[in-house]
Amino acid sequence: MRHGLSLGVGPVGFRIGSAWPGPIAALRGLYAGYPEAEDGIADFTVRLEPNRPWRRWIRPSIAIGGDHRLPEAAPLALAHGLLAAEMGMNLQMALGLRRYLLLHASAVERDGRALVMTGASGAGKSTLAALLGERGWRLLGDEFVLVDLAGGGLHPFPRAVSLKNAAITLLEAEAPPERFGPVLEETPKGRIRHLRPRAEAIHRMAEPAVPALILFPRYGYDKALRPVGAAEAFVRLTQASTNYVSLGEAGFRALTGLVTANPACAIDYPDTDGAIDLVETLWANLDA
Amino acid sequence: MNGPDQDRPEEEEGPAPTRRHLLMLGAVSASAVVTIRPALANTLGSVLTCEIPVPDRSLSANYIASDGSLVPADTPGAFPPAPMPFKGEDVKAALRYGRTLPGTDYAQSRAYTNYIRRLQRGMSGFTCYASLQMPQR
Amino acid sequence: MTGPLYRADPPTMRLAVEAEGLTLLYHRPSGMTHVLGPPAPELLTALAEGPADAAEIVRRLRQHHDLQDDAGIEAVVAARLDELEAAGLVSRA
Amino acid sequence: MGESGRVSGAALLARLLADPAQAPGIDRRAWTGILAAARAEQLIGTLAWRLEGLPLPDRACAILRDARDGAAQARQAALWEAEMARRALAGLAVPVVLLKGTAFVAAGLSAGVGRAIGDLDILVRRHDLPAVEAALLGAGWEWVKEDDYDDLYYRRWMHELPPLIHRTRDRMIDVHHTILPPTARPTPDAAALVDASIPLENGLRILCPEDMVIHAAAHLLADGDLAGGLRNLWDIDRLLREFMAEPGFWARLEERAGRHQLRAPLARALRLTERLYATPVDADLAGPARPADALYVRRLLARDGWGRGTRRATRLAFYVRSHWLRMPPAMLARHLWIKLRKG
């Protein structure tokens, strides 16, 4: 393709090709400081291409393609190229990853131990991880957590955090402007702005962490806390994984290992500050 | 990180338990087997946006009746196929809050949403529809 | 009485983890995971001795367990066997 | 390989499949393109097994290892689906013949090694269709589409029932009663296919070796637009190499191709696999090269290193040809009219 970029995020390498220069230039800016794909060989190819030939010029719209694709994916406006690239990379991970158990979850690390948060979109897992990542924790990932199939460790996947609507203002107060991408208005997901994680998260992207606590947060409810048993955590995490079933026995071993070795809690919270307090308290009492 | 419990196939757990215990059988109607199914639809909605053609392109010779069923073209009271697929977000707004789909009036939108509700696995748009059904989406 | 004979794969074809009274079960021939509640795991254990009809399975259950209630017990066992059959964990011999 | 920049992704892929020893010499920068082309052609698992154990860059090895794991899982899922169909149909005591990928893995053929497998394809005798359909519907399979025209179209004109999907396993099954649409010009001897089939240990059956090759050739050349053709041609290469050692194989192949009215597609398939995969073939049966062979090769290799289909005009020509093959002209017009008419 005319324009391309090689990008390494955690243990995964991407090759992103585009029919237009804009999306690639925006990616280069946002992902400044990230390495190229290891060995120059990408695990996945993402294509941003016109869905009809004339769509390169006339009312350009981006179809998301690549090694793995879904015919139902909606095309995006050319101005939303960063979001298209993000979705293209997500799609490859969700449909193609086999080396790790993929959890649709966010994770942060402190002292080598990791906190995993998962929940439906809107539950706040991404915003919480981004905030913790600015407040002394290392961000492992805001969207995907990669569980090692042999050792059970968590591999970072610190791509740029995708902030939506109110979360943008929240994080603008925490992180310096040079780490933000452009504001994308009126995308299918509302207002979006990407945030590059702190340099430490990128430098240590090859360094896994040991899981210690699993949380199922829910935003917009009165403060509440309920321990979640291993069987329930197992079933909920199978539903948060795009590749659990296709990994077969290796996936079963990794996921049962994760839920039997770690405590899990469902937490409800009315606002983000309350959630951060709750998380810090749970974390402090972990070994008590 | 494989725990001691799960590294062993069943047979290594020895012969059948010697200690007798009360076995709760439950009711005839109570289910005792739940199979884990692939969860792509749950996460799909948050990793990309999707769209639903009305009807499936291979069925586009048909009209859509108000109950969402497919009927021959030009059937009185039925609606022609939508010219463009609908975005997942618009379908969600229509299903959940009763908004009309873009470019349609009330009756037409109702016919289309009824069609979408009847989507089955294997038809285009089904995965998208399934992802919209998940809570909190 | 003789009903249909049921059989199950040998226990080595399964991985089981127990949690909170439920059994997380990985079935190797199918690559599928099931969550089993009682008495499904006990039925699979009973079938490890070899193919059996529902009456024989009830007899085997009684060897190892006190059963809560005798009325309608075969109907419950038959319903659970149907479920296990649909999941592919049990088949007609 | 210095020239890899000028060779299409698919051409490089075909070359590596035919001669894996070239792989260690491949320029590091060419790998992403080879992998993308292999995924798009559904040949990544096959390639991964062909290149197993060769000294390649670490990341290429890791990606190919994942592809082998993926193929192992596809194999397991395909065999399990066949087993569930076997259980559903066991009571009927009718012959059930596995076709394509599932047959290859069930029989342990080298064509099945690393192969991508999608739907379960089975062949039954035409007069067993209603009973088979009823048994599948009773065991959890459902119609994918509920549309009268499509249903009628399948039942009248196609060589299979409308596709069924299993309610809980989400897997499709295609139930065939022959290997080409009844409207296609050649008419294979469907009864002979079942009669000559070979039972497996579990009671399911596979086609006899000669019919298996002929079915693969028909699937590649007499039915469809050559999409996925590189994979289908690879099946033919593997099957031929596996079966040709049997004394009298080529003569039996010729006899069976004649019986199924598929000598021409078979001959062309032999020429194409010799050309792309260096398969040793019987020269008499393959016949002399035809000018159109080059066009087929052009279509089979129409894939670039980004995984994109190329050569739009060639693709379109083969698409139109596929419909031409399937239907008499008047019926084609009726079909296209119904499909294209929009309100």
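## Basis of the model and domain division of chain A

Domain bounds are taken from an automatic or database domain assignment. For chain A, this assignment gives domain 1 (3–96) and domain 2 (100–284). The structure is a predicted model, in which local features need pLDDT of at least 70 and side-chain atom pairs count only at pLDDT 80 or more, while totals for chains, interfaces and linings use all residues. Residues are numbered from 1 along each chain as its sequence is written, chains are lettered from A and ligands numbered from 1 in the order in which they are written, and side-chain values use heavy atoms, with hydrogens and water left out.

## Interface between the two domains of chain A

Taken over C-alpha atoms, the centres of domain 1 and domain 2 of chain A are separated by 23 Å. Domain 1 of chain A brings 23 residues to the contact and domain 2 of chain A brings 28 residues, where contact means heavy atoms within 4.5 Å. The buried area (the accessible area, with a 1.4 Å probe, that two parts lose on being put together, summed over both) is about 2000 Å² between these domains, and carbon and sulfur atoms give 70% of this area. A:Leu30, A:Tyr34 and A:Met93 supply 25% of the area that domain 1 of chain A buries against domain 2 of chain A, more than any other three residues.

The interface between the domains holds 1 salt bridge, a term that requires a side-chain nitrogen of Lys or Arg within 4 Å of a carboxyl oxygen of Asp or Glu. Across the same interface there are 9 residue pairs in polar contact, both residues at pLDDT 80 or more. A polar contact is a pair of N or O atoms within 3.5 Å; within protein, one must be able to donate a hydrogen and the other to accept it, and residues adjacent in sequence count only if both atoms are side-chain atoms. On the domain 1 side of chain A, two or more residues come from each of strand E1 (3–9), strand E2 (12–18), helix H1 (21–30) and helix H2 (81–96). These elements are DSSP runs numbered from the N terminus (helices H or I, at least four residues; strands E, at least two). H2(A) gives the largest share of that side, 7 residues.

## Interface between chains A and D

Between chain A and chain D, 25 residues of chain A are in contact with 22 residues of chain D. The area buried between these chains is about 2000 Å², with 49% given by carbon and sulfur atoms. In chain A, the residues that lose the most area to chain D are A:Arg15, A:Ile41 and A:Arg98, together 31% of what that side buries.

The interface of chain A and chain D has 5 salt bridges. The side chains of D:Arg28 and A:Asp39 form a salt bridge at 3.1 Å, N to O.

## Local features in chains A and D

Helix H3 (residues 125–134) of chain A is mostly covered, with 10 of its 10 residues buried; buried means under 20% relative accessible area, exposed over 50%, and partly exposed in between (1.4 Å probe, protein chains only). The buried residues of H3(A) include A:Lys125 and A:Glu134. Just after H3(A), A:Gly136 takes a positive phi of about 95 degrees.

In chain D, D:Thr314 lies in helix H15 (residues 312–326). D:Thr314 counts as buried because its relative accessibility is 10%. The side chains of D:Thr314 and D:Arg298 are joined by a polar contact of 3.3 Å. Apart from its neighbours within four places in sequence, D:Thr314 is in contact with D:Leu295, D:Arg298 and D:Arg299.
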